[in-house]
Amino acid sequence: MLWEKQYQLLAQVLADKGIDIERVKDKLKKQVIELPSWAVGNSGTRYGTFREEGAAITVWDRIDDCAEIQRVVGICPVMATHVLWDVTEDGKYEPVREYAAEKGLRIGTVHPNTFMGQQFKFGSICNPFADVRRSTIEHFKDCVRIARELGSKTLGVWLADGTNYPGQDKLRERKHRLFAGLKELYDAMDADMTLLLEYKPFEPAFYTTDVMDWGMSYLMCTKMGDRAKVLVDLGHHLLGVNVEQIIAVLLDEGKMGGFHFNNHKYADDDLMVGSIDPYGLFLIFDQIIEAEEDNVDVDIVYMLDQSHNIEPSIEGIIQSVMNVQKAYARALLVDRRKLQEARQNGDVILANRTLMEAFEIDVNPLLNQVRVEMGIEPDPLLNYRRSGYAEKIARERKNKGANTLGG
Ligand code: LRH
Ligand code: MN
Ligand code: MN
């Protein structure tokens with residue numbers, strides 16, 4: 001095979017640079033990305049949803065689909081969940097965990113849902129009405145119990161709280177309510193659980209959002225304690241924001257907790273990660289690896305959070321996982337000695353060229369080799385397409401009705 005020859009050549013080139021390819025492969029094999037249960041069902045925009053043949057309808061379908069994705073990619077043995085969506089019809093979580101385990105998956109980050117009920121019109125824990133704040137906190141406490149039942153150690157909190165009009169509410173008071181609510185959740189968690197706090201500049205609220213950026217998330221997490229960290233959803237930034245710099249700062253402060261990977265062009269578009277700006281994704285991984293090389297304690301939960309509106313969702317997720325792997329692999333191949341030398345000499349051109357050189361490497365042969373060594377086929381997408389799984393679920397789920405989840 002051509003790629004095998006290309007791999008041999010790459011191994012030689014890297015050896016000349018002093019990069020240990022075995023170490024690189026080892027890191028690639030150990031990478032773990034949580035699959036979002038909510039991305040395998042039908043999803044859409046607020047204008048409508050295009051139904052996909054065979055889209056997951058039940059929680060069991062979602063687990064089956066994630067297991068199929070894991071079969072072909074090999075680095076996603078974990079499914080992230082949204083509590084209201086991944087539960088049995090009679091409100092049980094234990095069977096979800098058991099079925100996932102049967103399929104070779106464990107349950108990862110548990111996301112509370114404080115945005116879908118009618119009571120959340122004015123927010124959840126920042127709501128001006130005490131009864132809504134109280135019931136939200138009850139839901140948070142339920143989520144801790146659910147996380148225990150699911151065997152998960154991580155809670156991923158995104159709050160849709162905000163205001164739509166100037167004057168609507170007192171902003172400082174909302175900040176106090178925000179901290180009070182989060183602290184109750186934090187204190188209810190087990191000692192080995194972590195809280196990841198996601199931020200978003202706008203939507204669904206259009207004037208103010210209570211956790212609007214990494215600064216607010218960082219502030220709340222710092223006030224809560226060591227087991228609270230920031231969750232960065234790549235789509236949740238205004239255009240032009242330098243996300244890799246945010247990552248660098250959070251890593252340095254020990255507050256970089258997790259990612260929701262996706263890609264955006266305009267707003268929270270939730271497109272496939274790496275499809276719009278693969279270079280930006282590479283630069284994020286470059287920061288992570290540089291921190292690791294500097295012995296910074298890096299403990300990050302990687303998740304996808306995407307919405308597959310026109311592409312088949314399972315294929316979209318497979319492609320996304322591969323894009324993340326590519327970005328990570330390229331960042332692992334940066335010639336860090338050369339980069340350091342260039343920096344010491346004030347050689348901006350060579351420093352930048354060194355990064356670009358790694359970004360330009362075709363890492364497909366390397367990733368193919370990694371997969372073969374892991375006992376899976378080199379091309380996950382073709383492996384999936386050949387398996388007949390898509391046809392099988394289209395047949396089996398045909399008459400089961402349709403379900404639409406957000407994403
Ligand atoms: C909000 C968000 C958040 C939710 C998910 C469904 O835009 O990114 O992570 O949990 O979408
Ligand atoms: Mn998200
Ligand atoms: Mn989002």
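**Helix pairs and a buried valine**

Reader: Is the crossing of H8 and H9 left-handed or right-handed?
Author: Happy to start there, with the reminder that this is a predicted model. Helix H8 covers residues 243–252, and H9 covers 278–293. The hand of their crossing is right-handed.

Reader: How are the axes of H8 and H9 oriented to each other?
Author: The two axes come within 9 Å and cross at roughly 20°. Angles under 35 degrees count as roughly parallel. H8 and H9 are therefore roughly parallel.

Reader: How many charged residues does the contact of H8 with H9 have?
Author: H8 brings Val243, Glu244, Ile247, Ala248 and Leu251 to the contact, while H9 brings Gly280, Leu283, Ile284, Gln287, Ile288 and Ala291. By class, 8 of these are nonpolar and 2 are polar. The number of charged residues is 1.

Reader: Is valine 273 buried or exposed?
Author: Valine 273 sits in the loop between strand E9 (256–261) and helix H9. Its contacts beyond four places in sequence include Leu234, Phe261, Leu281, Leu304 and Val324. A residue needs 20 or more C-beta neighbours within 10 Å for the label. Because valine 273 has 30 of them inside 10 Å, valine 273 counts as buried.

Reader: How far apart are the C-alpha atoms of valine 273 and tryptophan 158?
Author: Along the chain these two are 115 residues apart.

Reader: Zooming out, what radius of gyration does the protein chain have?
Author: The protein chain has 15 helices and 10 strands, and its C-alpha trace spans about 65 × 55 × 40 Å along the principal axes. Of its 407 residues, 43% count as buried. A compact globule with 407 residues would have a radius of gyration near 22 Å, and the protein chain agrees, with 22 Å.

How values were computed: Residues are numbered from 1 along each chain as its sequence is written. Chains are lettered from A and ligands numbered from 1 in the order in which they are written. This is a predicted model: local features need pLDDT of at least 70, side-chain atom pairs count only at pLDDT 80 or more; totals for chains, interfaces and linings use all residues. Helices (H or I, at least four residues) and strands (E, at least two) are DSSP runs, numbered from the N terminus. A residue is buried if 20 or more other C-beta atoms lie within 10 Å of its own, exposed if 12 or fewer, and partly exposed in between; C-beta atoms are placed from the backbone. Two residues are in contact if their C-beta atoms, placed from the backbone, lie within 7 Å. The radius of gyration is taken over C-alpha atoms; the globule rule is 2.2 Å times the number of residues to the power 0.38. Axes are lines fitted to C-alpha atoms, for helices over the stretch in contact, and angles run from 0 to 180 degrees between N-to-C directions. Angles under 35 degrees count as roughly parallel, over 145 as roughly antiparallel, 65 to 115 as roughly perpendicular and the rest as oblique. A crossing is left-handed if the near helix is turned anticlockwise from the far one by less than a right angle, and right-handed if clockwise. Ala, Val, Leu, Ile, Met, Phe, Trp, Tyr, Cys and Pro count as nonpolar, Asp, Glu, Lys and Arg as charged, and the others, Gly among them, as polar.
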